[in-house]
Amino acid sequence: MTFSENVRSAFRRGETAAVVRMSEAEIERAQAAGDPAGEVEARYSLARVAIRGGDLSGGEARAREALAVALRAGDRSLEERPRHVLAGVARMSGDLVRARELYRESIALNEALGQPRTVNSEYHNLAFCELGLGNLDVARTLFAENRERVFRNDWADFVPYVCVAGAALASADRDHSRAARMI
């Protein structure tokens, strides 16, 4: 298994200490080897651990470090995960205006990289920002466009997200029985 596979698997199992240990070792290895992809992945993993532990500022700092490595490397594909984390931290921190801007930047990057599934995910996140900002019509449109993409492309793993979006909209509309059905 690669570092990425190992560290993500450990993260999914909740093995925080292992993720930190593996990531710190990978940063040293990657820096010595001139491997920006490895360093970005390791710093991204540390950002995720910080966020999971409730340390949003620490998660943001690790994501910024990862993004700086990606920018120095000049490989746009390495920017994708750090930018996603930065947008997520802004959203979780309640700075929905900043999160909206960051999600739009992430969408543009992923469109340029030809990653339609990630574009769809980021539009989903953007729609929740709009919902939180009280822009129900914008959120409704974005969620509808996402739903259409999910079913057009047969992305079955996105169907639960479509239902969560439907539940959130129903709740915003104060249609609690519909929200419960969607859940």
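Select Phe143 first. In this predicted model, Phe143 touches His124, Ala127, Phe128, Leu131, Ala165 and Leu169, leaving aside residues up to four places away in sequence.

Now show the rings of Phe128 and Phe143. They form an edge-to-face aromatic pair, with 5.0 Å from centre to centre and 70° between the planes. Colour helix H7 (residues 116-132) and helix H8 (residues 136-152): Phe128 lies in H7 and Phe143 in H8, so the pair ties together parts that are 15 residues apart in sequence. Are these two residues buried or exposed? Both Phe128 and Phe143 are buried.

Next, select Trp155 and Phe158. Their ring centres are 5.5 Å apart and their planes stand at 50°, so this pair is tilted rather than edge-to-face, a label that needs over 60 degrees. Trp155 and Phe158 are both buried. A search of the whole structure finds three aromatic pairs.

Return to Phe143 and widen the view to the nonpolar core. In soluble globular proteins, nonpolar side chains tend to be buried together. The largest nonpolar core here has 27 residues, and those that touch the most other members are Val85, Tyr103, Leu131 and Phe143. Helices H3 (36-52), H4 (56-73), H5 (80-92), H6 (96-112), H7, H8 and H9 (159-172) each supply at least two residues of this core. Which helix gives the most? H7 does, with six residues. Another core, of nine residues, lies apart from the largest one; select Phe3, Val7, Ile27 and Ala42, which are among its members.

Now go to Phe11 and look at the face of its ring. Arg48 lies over that face, at 3.9 Å from the ring centre. The charged end of Arg52 also sits over the Phe11 ring, 3.6 Å from its centre.

To see where the lining comes from, colour helix H1 (3-12), H3, H5 and H7, each of which supplies at least two of the lining residues. How many residues make up the largest share of the lining, and from which helix? Seven residues, from H5.

Key. Residues are numbered from 1 along each chain as its sequence is written. This is a predicted model: local features need pLDDT of at least 70, side-chain atom pairs count only at pLDDT 80 or more; totals for chains, interfaces and linings use all residues. Side-chain values use heavy atoms; hydrogens and water are left out. Rings of Phe, Tyr and Trp (its six-membered ring) pair if their centres lie within 6.5 Å; planes under 30 degrees apart count as stacked, over 60 as edge-to-face and the rest as tilted. Helices (H or I, at least four residues) and strands (E, at least two) are DSSP runs, numbered from the N terminus. Buried means under 20% relative accessible area, exposed over 50%, partly exposed in between (1.4 Å probe, protein chains only). A charge sits over a ring if NZ of Lys or CZ of Arg is within 6 Å of the ring centre and within 35 degrees of the ring normal. A nonpolar core is a set of buried Ala, Val, Leu, Ile, Met, Phe, Trp, Tyr and Cys residues joined through side-chain atoms within 4.5 Å. Contact means heavy atoms within 4.5 Å.
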